[in-house]
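The plan is to take a few residues in turn and write down what turns up.

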Amino acid sequence: QVQLVESGGGLVQPGGSLRLSCAASGNIFSLYTMGWYRQAPGKQRELVAHISPGGSTNYADSVKGRFTISRDNAKNTVYLQIDSLKPEDTAVYYCYIAYRVGYWGQGTQVTVSS
């Protein structure tokens with residue numbers, strides 16, 4: 001069983017920044033792809049970014065150039081640096097690990113509003 005715990009969400013003004021963190025339990029973190037997803041009200045959950053065990057990254061077109069995913073395998077933690085936030089970035093952000101059936105965190109709310 002893997003547990004993922006996200007943190008770092010909050011209310012921020014347009015143009016602002018946040019850094020989300022996701023800490024994973026266990027000792028398998030470094031072996032698997034990690035991802036960040038988000039779900040806005042009334043919409044389906046969508047992929048934001050993912051990062052391979054070796055550090056290769058991939059981003060949704062809507063966040064390229066503004067979001068940066070990274071990982072620290074020594075700390076079992078994946079990060080999402082979010083810059084130049086827009087109101088349409090408002091969503092619950094979820095961490096995911098592609099281990100076996102896949103595991104999700106509980107989510108952290110990001111609200112972008114003036």
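A strand here is a DSSP run of E with at least two residues, and strands are numbered from the N terminus. I keep in mind that this is a predicted model.

**Entry 1: S21**

I looked up S21 and found it in strand β3, which covers residues 18-24. Is S21 buried or exposed? S21 counts as buried because its relative accessibility is 18%, and the cut-off for buried is under 20%. Next I listed the contacts of S21, leaving out residues up to four places away in sequence.

**Entry 2: the disulfide**

How many disulfides does the structure hold? I found one. C22 and C95 form it, with their sulfur atoms 2.1 Å apart. I then checked accessibility. C22 is at 0% and counts as buried. C95 is also at 0% and counts as buried.

**Entry 3: Q44**

Where is Q44? I placed Q44 in the loop between β4 (34-39) and β5 (46-51). Q44 has a relative accessible area of 70%, so I noted Q44 as exposed. Leaving out residues up to four places away in sequence, Q44 touches R38 and Q39.

Terms used. Residues are numbered from 1 along each chain as its sequence is written. This is a predicted model: local features need pLDDT of at least 70, side-chain atom pairs count only at pLDDT 80 or more; totals for chains, interfaces and linings use all residues. Side-chain values use heavy atoms; hydrogens and water are left out. Helices (H or I, at least four residues) and strands (E, at least two) are DSSP runs, numbered from the N terminus. Buried means under 20% relative accessible area, exposed over 50%, partly exposed in between (1.4 Å probe, protein chains only). Contact means heavy atoms within 4.5 Å. A disulfide is a pair of cysteine sulfur atoms within 2.5 Å.
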